[in-house]
Amino acid sequence: MCEVHVLIFPYPAQGHILALLDLTHHLALRGLTITIIITPKNLHLFKPLLSTHPNTIHTLILPFLSHPNIPPGAENLSEVGNTGNYPFINALSKLQPQIIQWFTTHPNPPVALLSDFFLGWTHQLASRLAIPRLPFYGVGAFFTTVITRCWQNLQFLQNSQGVIEFPEIPGTPSFKREHLSSVFLRYRESDADSEFVRESFISNAASWGVVFNTFSALEGPSLDHIRAELGHPRVFGVGPLGSDRVDSDPNRGSEILRWLDGFEEEGSVLYVCFGSQKQLKKEQMEALAFGLERSETRFVWVVKAPYTAEQKKEGYGVVPEGFEDRVSGRGMVVTGWVPQVAILGHRAWADF
């Protein structure tokens, strides 16, 4: 009897990978055989997971194919920032022939494909392989309802004044245009990369089912709305993920944890982080540093370093000179990525 085999395709951005890594761990615990599609430079993120499940989780390592707007050697969004989403989505789609070749020659090919929602083009891939595809959303269901409506209404891009309303969505939310998803705001009509990204996102709705990193008690109305929109009940909330994670490096963050141990009062430290893709401008860095310094609050500030020498020269992601000395003892500045779940489990974090 063949084992149930599932193919998983993460999107190479830190937040996307870690959430799907958690879900993959739980699927393996339930006896599924899993193959993860991954490029060479991202393999290290999965080594702890592979060591935990050596007999059930395997990898399909494929070379990252070039794109004119991706720097040579870059294979993760953390290396280029969120401006790289369009070229990354397009570049990864070029892996389809290799995936099909692997699938057709496998003695026990996968019976389903679970792929990141940024890889909506894999719906067409799954159709060619004659297997169901489920997009995985590492974000909330509410966000999904908003961005889906955006892709269905490109006229939002021309609305440079006022507020954009979403009366069809539970709660009738509204946003300023500039507060909509940057992935949507980067769309340019007739641009080949843009058109492919739009078609890719729209394809998510045609999938057999949908998986969210959320749960009904938190986002019940949004999940019900999505079920009604899709016209079927195969909308699954599997969150919150992260509480039982096989971390990419269990030793990272130990210095921060030791520092936090020095504070006896619970909820006394503020955590400041804008993710692995968001890059703050010079004036934003200065304003945030000024606020933290004047607040006299204990804090850990995770800073994303500049992507290029030009950005560094312009002050992107650069902490103001002398700031760390002035807040020494009550503030810690960390450059790069940290194991957020492990650190946020410490009693010292402030609960706002």
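Strand E11 (residues 298-303) contributes the most to the lining of the second largest cavity, with 3 residues. Strands (E, at least two residues) and helices (H or I, at least four) are DSSP runs, numbered from the N terminus. The model is predicted, so to speak of local features a pLDDT of at least 70 is needed, side-chain atom pairs count only at pLDDT 80 or more, and totals for chains, interfaces and linings use all residues. Residues are numbered from 1 along each chain as its sequence is written, and side-chain values use heavy atoms, with hydrogens and water left out.

The second largest cavity has a volume of about 70 Å³. Its lining includes Phe274, Lys278, Met285, Trp301 and Gly317, and divides by class into 6 nonpolar, 3 polar and 2 charged residues. Here Ala, Val, Leu, Ile, Met, Phe, Trp, Tyr, Cys and Pro count as nonpolar, Asp, Glu, Lys and Arg as charged, and the others, Gly among them, as polar. A cavity is a set of points on a 1 Å grid over the protein atoms alone where a 1.4 Å probe fits but cannot get out, and lining residues have an atom within 4 Å of a point. Grid points are joined across faces, edges and corners, and a volume is the space filled by probe spheres set on the points.

The C-alpha atoms of glutamate 296 and arginine 330 are separated by 8.0 Å, although the two are 34 residues apart along the chain.

In total, the structure holds 2 cavities of 30 Å³ or more. Threonine 39 sits in the loop between strand E2 (33-38) and helix H2 (47-52). With a relative accessible area of 6%, threonine 39 is buried. Leaving aside residues up to four places away in sequence, threonine 39 touches Ile61, Leu62, Pro63, Phe64 and Glu75 (contact means heavy atoms within 4.5 Å).

Turning to helix packing, H6 (residues 141-152) and H9 (residues 216-230) pack at about 40°, with axes 8 Å apart. Axes are lines fitted to C-alpha atoms, for helices over the stretch in contact, and angles run from 0 to 180 degrees between N-to-C directions. H6 and H9 are therefore oblique to each other, since angles under 35 degrees count as roughly parallel, over 145 as roughly antiparallel, 65 to 115 as roughly perpendicular and the rest as oblique.

Technical notes: Buried means under 20% relative accessible area, exposed over 50%, partly exposed in between (1.4 Å probe, protein chains only). On a 1 Å grid over the protein atoms alone, a cavity is a set of points where a 1.4 Å probe fits but cannot get out, and a pocket is an open set with protein on both sides within 12 Å along at least five of seven lines; lining residues have an atom within 4 Å of a point.
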